[in-house]
Amino acid sequence: MSMGLYLVTLELRKEHAVGGASAQLALCINAADQEISGNVSGARLEGTQFPQDFKGAVNGGYHDLQKDPTARVAMVHGRVVESTRGGPPSAHLTCFTAILRVNAQWVGKAQFLVGDAEYACEVTPLRVPEPAE
């Protein structure tokens, strides 16, 4: 087992019929170096009848807040391929960034950006932090 590495899967979701979005982050956390790497996949509805899906790799870091040791701030970024589900086929490469304000169990709030679109949302862990093997 690798010392200081653990895995977590997070869901970021903004509920709306139009203008809604969700992202799932599957992350490996290196607690010793406070580095994060992993994958993101998600979908967004931006006023078109066809949802846009995105997938890609992300990396970043986090730090615990000194004033409140149970709170942390994390940021990941990367490039994602965004494609349209339904309708004429299309795909393009764009940027993904997520900024999370969470507690030690990775529950909290976040903002994520896909290209120029920004979404404020809740963070829910789908896989609780567990040591990596």
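Colleague: Which residue meets Glu82 in a salt bridge?
Modeller: The side chain of Glu82 meets that of Arg44, at 2.5 Å from N to O, where a salt bridge is a side-chain nitrogen of Lys or Arg within 4 Å of a carboxyl oxygen of Asp or Glu. Because Glu82 lies in strand S5 and Arg44 in strand S3, the pair ties together parts that are 38 residues apart in sequence; strands here are DSSP runs of E of at least two residues, numbered from the N terminus.

Colleague: Before we go on, what kind of model is this?
Modeller: This is a predicted model, in which local features need pLDDT of at least 70 and side-chain atom pairs count only at pLDDT 80 or more, while totals for chains, interfaces and linings use all residues. Residues are numbered from 1 along each chain as its sequence is written, and side-chain values use heavy atoms, with hydrogens and water left out.

Colleague: Are Glu82 and Arg44 buried or exposed?
Modeller: Both Glu82 and Arg44 are buried, which means under 20% relative accessible area, with exposed being over 50% and partly exposed in between (1.4 Å probe, protein chains only).

Colleague: And how many salt bridges does the structure hold?
Modeller: The structure holds five, including one between Asp53 and Arg85, whose closest N and O atoms are 2.7 Å apart. Asp53 is in strand S4 and Arg85 in the loop between S5 and S6, so this pair ties together parts 32 residues apart in sequence. Asp53 is partly exposed at 22% relative accessible area, and Arg85 is partly exposed at 43%.

Colleague: Changing topic, which residues have the most contacts inside the largest nonpolar core?
Modeller: They are Leu12, Leu25, Phe96, Leu100, Trp106 and Phe112, in a core of 29 residues; such a core is a set of buried Ala, Val, Leu, Ile, Met, Phe, Trp, Tyr and Cys residues joined through side-chain atoms within 4.5 Å. The largest share of this core, five residues, comes from S2.

Colleague: What does Leu12 touch?
Modeller: Leaving aside residues up to four places away in sequence, Leu12 touches several residues, among them Leu25, Leu100, Phe112 and Val123, a contact being heavy atoms within 4.5 Å.

Colleague: Last one, how many helices and strands does the protein chain have?
Modeller: The protein chain comes to zero helices and eight strands, helices being DSSP runs of H or I of at least four residues. Along its principal axes, the C-alpha trace spans about 45 × 30 × 20 Å, and 36% of the 133 residues count as buried.
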